[in-house]
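Dear colleague,

Please find below the structure that I am handing over to you. My notes on its aromatic rings follow.

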Amino acid sequence: MAAFKAFWNSPVGPKTTHFWGPVANWGFVVAGLVDMQKPPEMISRNMTAAMCVYSGLFMRFAWMVQPRNYLLLVCHASNESVQLYQFSRWAKAQGYLEKKEPEGQH
Amino acid sequence: MAASKIQALWNHPAGPKTIHFWAPTFKWGISIANVADFSKPPEKISYPQQVAVTCTGLIWSRYSTVVTPKNWNLFSVNVVMAGTGIYQLARKIRHDHFSEVQVPAKE
């Protein structure tokens, strides 16, 4: 009970934007996980590449911002993993990860 | 005079030498990527992804006005992001439910 109260009243808790902003960003992770089940032709190269850079930058941001935001950090670390995986699926489907000469349509 | 103003900006604690500048600035890349994808066929649009883009854009637009100080850069990037998400969703919904008569949308 005391732990819950501490969380509830925390300066980065559910009464603050420091909590709900990162919660909103978990939507990207969930969307990425769902999209992992889909065929790679549906993956957007532009969006996935942008996400990889975006989450990389925001991992650093979450670490450096005051107060340090671990929820945001974990969110973007997860998204980075998911988006890198999706990007590799896209690249493989395009033939970029073959050992021989890739055709690479796009 | 102008030089010292530029120097002040350059050395600002949330200026271009810091992540506080580049992370929000790069967030524009998501909107740019989405705009580039406007020309893609709607079959390739991902509902979960565009819902995520729209919702985060809307939530962060709201929150950027309640933080101190108000962050208009963060506000504008998220408004535009939500806008691109809504447009992509509209394209896909229109394609899936309001155009094809023969083949039902598999999604």
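W8(A) is partly exposed, at 40% relative accessibility (buried means under 20% relative accessible area, exposed over 50%, and partly exposed in between, with a 1.4 Å probe and protein chains only). F19(A) and W20(A) form an edge-to-face aromatic pair, with 4.9 Å centre to centre and 85 degrees between the planes. Rings of Phe, Tyr and Trp (its six-membered ring) pair if their centres lie within 6.5 Å; planes under 30 degrees apart count as stacked, over 60 as edge-to-face and the rest as tilted. Within this pair, F19(A) is buried, with a relative accessible area of 15%, whereas W20(A) is partly exposed at 36%.

The model is predicted: local features need pLDDT of at least 70 and side-chain atom pairs count only at pLDDT 80 or more, while totals for chains, interfaces and linings use all residues. Residues are numbered from 1 along each chain as its sequence is written, chains are lettered from A and ligands numbered from 1 in the order in which they are written, and side-chain values use heavy atoms, leaving out hydrogens and water.

Over all chains, the count comes to 13 aromatic pairs. One of them is stacked: F4(A) with W8(A), at 6.0 Å centre to centre and 20 degrees between the planes. F4(A) is partly exposed, with a relative accessible area of 46%. One aromatic cluster is formed by F4(A), F7(A), W8(A), F19(A) and W20(A).

The charged end of R68(A) sits over the ring of W63(A), 3.6 Å from its centre (NZ of Lys or CZ of Arg must be within 6 Å of the ring centre and within 35 degrees of the ring normal). In chain B, K92(B) lies over the face of Y47(B), at 5.3 Å from the ring centre.

Yours sincerely
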